[in-house]
Amino acid sequence: NGKTNKIQFSGGKLTFYGTLLDKDTDKIGPRVYNKEREVYCTTGACFMMSREALDELKELFPHVYYVYFEDIDLSWRIRSNGYKIIYTPNSVVYHKGSITIKANDAISTQFRFIVRNKYLTFWRNLRKRDFIVVFPFLLGFDILRVAKNILNGRIRPAGEFLIGFKWFLSNLNNVKKPRKGKLSDLGWGFESVKSVLSNWNK
């Protein structure tokens, strides 16, 4: 019942303000999507990994995450351990998005999970001093996104953000902190800030 002619994700990069940008989304064509290449991260909709890589991680997904950012967190830890993540066009999987959220009647509250897990992902993968560097950008971006919604008459995202941020603070000591990530792992461009701000729950 969904679209089968649209590629959801072919590799992107986590930005310093906390969004995952697929840099290929506007470059439609076989030159991009039919090329096997190394990417920054995978999507949780479809991936395979070696038992060796999993054993070395000692943790697949943080138990507090539930949904959102778990695939980004996993990819970051895999790369930090020296492994590569490869996108291959030879694997085709059809993904019907948001089924977990819809099945648990959590569409209206999904932003709180995004906020909590985004901050936890940065917190546990970066050294504390590096987290302090990016934190103002993460928070500033979210404040702008919430402000935009308030100006458009949508108040709920502000409450969802506060709940998610509170959950982040309450779980600081409830997640393992490998802290192997680097600031250089992040994308530092502003090219897609405008497009992301156009959709508060992206």
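User: Is phenylalanine 47 buried, exposed or partly exposed?
Analyst: Phenylalanine 47 is partly exposed, because its relative accessible area is 31%. Buried means under 20% relative accessible area, exposed over 50%, and partly exposed in between (1.4 Å probe, protein chains only).

User: What should I know about the source?
Analyst: This is a predicted model, where local features need pLDDT of at least 70, side-chain atom pairs count only at pLDDT 80 or more, and totals for chains, interfaces and linings use all residues. Residues are numbered from 1 along each chain as its sequence is written, and side-chain values use heavy atoms, with hydrogens and water left out.

User: Where does phenylalanine 47 sit?
Analyst: Phenylalanine 47 is in the loop between strand E3 (37–39) and helix H2 (51–57). Helices (H or I, at least four residues) and strands (E, at least two) are DSSP runs, numbered from the N terminus.

User: And how many helices and strands are there?
Analyst: The protein has eight helices and four strands, in the order β-β-α-β-α-α-β-α-α-α-α-α along the sequence.

User: How much of the protein is buried?
Analyst: Of the 202 residues, 44% are buried.

User: Switching to helix H3, how many of its residues are buried?
Analyst: Nine of the 11 residues in H3 (residues 70–80) are buried, among them Asp71, Asp73, Trp76 and Arg77.

User: What do they pack against?
Analyst: The buried residues of H3 pack against strand E1 (13–14), strand E2 (20–21), H2, strand E4 (85–87) and helix H5 (110–125). Contact means heavy atoms within 4.5 Å.

User: What comes just after H3?
Analyst: Glycine 82 does, with a positive phi of about 95 degrees.

User: Aromatics now. How many pairs?
Analyst: The whole structure has 15 aromatic pairs. One of them joins phenylalanine 16 and tyrosine 17, edge-to-face, at 5.2 Å centre to centre and 85 degrees between the planes. Rings of Phe, Tyr and Trp (its six-membered ring) pair if their centres lie within 6.5 Å; planes under 30 degrees apart are stacked, over 60 edge-to-face, and the rest tilted.

User: Why does phenylalanine 16 count as buried?
Analyst: Because its relative accessibility is 2%. Tyrosine 17 is buried as well, at 2%.

User: Which residues form the aromatic cluster?
Analyst: Tyr119, Trp123, Phe131, Phe135, Phe161, Phe165 and Phe168 form one cluster.

User: What lies over the face of tryptophan 123?
Analyst: Arginine 179 does, at 4.4 Å from the ring centre. The criterion is NZ of Lys or CZ of Arg within 6 Å of the ring centre and within 35 degrees of the ring normal.
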